[in-house]
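Welcome! Please look over the structure below, and then work through the exercises with their step-by-step solutions.

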Amino acid sequence: MSDDLEILLTNDDGIDSTGIRALYDALSERANVTVVAPADDRSACGRSLSHEVEVDERELGYAVHGTPADCVVAGLAELGPFPDLVVAGCNKGANLGEYVLGRSGTISAAVEAAFFDVPAIATSMYVPADGTSLADTDLTAADYAEATRVTSYLVDHALGAGVFDHAAYLNVNVPVADGEPAPLEITRPSKRYEMDAERNGAHVTLKDRVWENMNPESLPDPEGTDRRAVVEGRISVSPLTAPHSTNAHEALDALAETYLETVGSTDH
């Protein structure tokens, strides 16, 4: 690749995060990178969109006082040159499973790009729980080495290989770097879902219990899923599409055909 390649780089952890700086430094060696990222942490905001946002110019690029989806729309339509590729990340914390696809700000940035017909890569890093909350876990640029290595590889090769003829975006999850490159596995999002809620007086606490069993020896996620790959030390790359397709079937067709007859008979 050359400097002729245009990349829009965004995230949901905020423009001052270590992860986006690590990706910026790596990708700037192979492309012209324009950063349009949230001014602060907007994790788990999904594809929430604003009507109007303020924009500051920072050392790394444009800081948008809004969501990752805001950043992609503003970046593609106004702030930067129209890119060949959108890269979102690197997110501190994995984005694994079907249930995060509409929740993650990192993935939502990639989905927003897909509606502009721009291919995208969303990169996140799995941080194993050790009793410390993710927010209180300090990571250095060196910890993102695996993430920058595989994202750079995909930037260099995926467009030319025709990957995006079949996928709108790639959801990439990597284990923490430990020196040697990890193997890469093409995966599908896990279907595992273990949300729970607990009431205490006027408050209800929502709990994501899916992270409570991440032991490779007892992990319930099957082979071929993103979660199993990452927990076992492999890079997960899930090729995904947007928008999601519909699934028409005869049972619903039959309901449509009898709708007027049925509701008409009950209204009289």
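The lining of the second largest pocket has ten nonpolar residues, one polar residue and no charged ones. Here Ala, Val, Leu, Ile, Met, Phe, Trp, Tyr, Cys and Pro count as nonpolar, Asp, Glu, Lys and Arg as charged, and the others, Gly among them, as polar.

A note on the model: it is predicted, so local features need pLDDT of at least 70 and side-chain atom pairs count only at pLDDT 80 or more, while totals for chains, interfaces and linings use all residues. Residues are numbered from 1 along each chain as its sequence is written, and side-chain values use heavy atoms, with hydrogens and water left out.

**Exercise 1.** Find which element gives the largest share of the lining of the second largest pocket.

*Solution.* 
- Start with the term: on a 1 Å grid over the protein atoms alone, a pocket is an open set of points where a 1.4 Å probe fits, with protein on both sides within 12 Å along at least five of seven lines, and lining residues have an atom within 4 Å of a point.
- Next, list the lining: Tyr153, Leu154, His157, Ala158, Ala161, Val163, Leu170, Leu184, Ile186, Val237 and Pro239.
- Then look at the elements: H4, strand S8 (184-186) and S11 each give two or more residues. Helices (H or I, at least four residues) and strands (E, at least two) are DSSP runs, numbered from the N terminus.
- The largest share, five residues, comes from H4.

**Exercise 2.** Decide whether aspartate 221 and arginine 227, which meet in a salt bridge, are buried or exposed.

*Solution.* 
- A salt bridge is a side-chain nitrogen of Lys or Arg within 4 Å of a carboxyl oxygen of Asp or Glu; for this pair the N to O distance is 3.4 Å.
- Buried means under 20% relative accessible area, exposed over 50%, and partly exposed in between (1.4 Å probe, protein chains only).
- Aspartate 221 has 2%, so this residue is buried.
- Arginine 227 has 0%, so this residue is buried too.

**Exercise 3.** Work out how exposed each partner is in the salt bridge between arginine 58 and aspartate 16.

*Solution.* 
- The side chains meet at 3.5 Å, N to O.
- The partners sit 42 residues apart, with arginine 58 in the loop between strand S3 (55-57) and strand S4 (62-64), and aspartate 16 in the loop between S1 and H1.
- Arginine 58 is partly exposed because its relative accessibility is 32%.
- Aspartate 16, at 64%, therefore counts as exposed.
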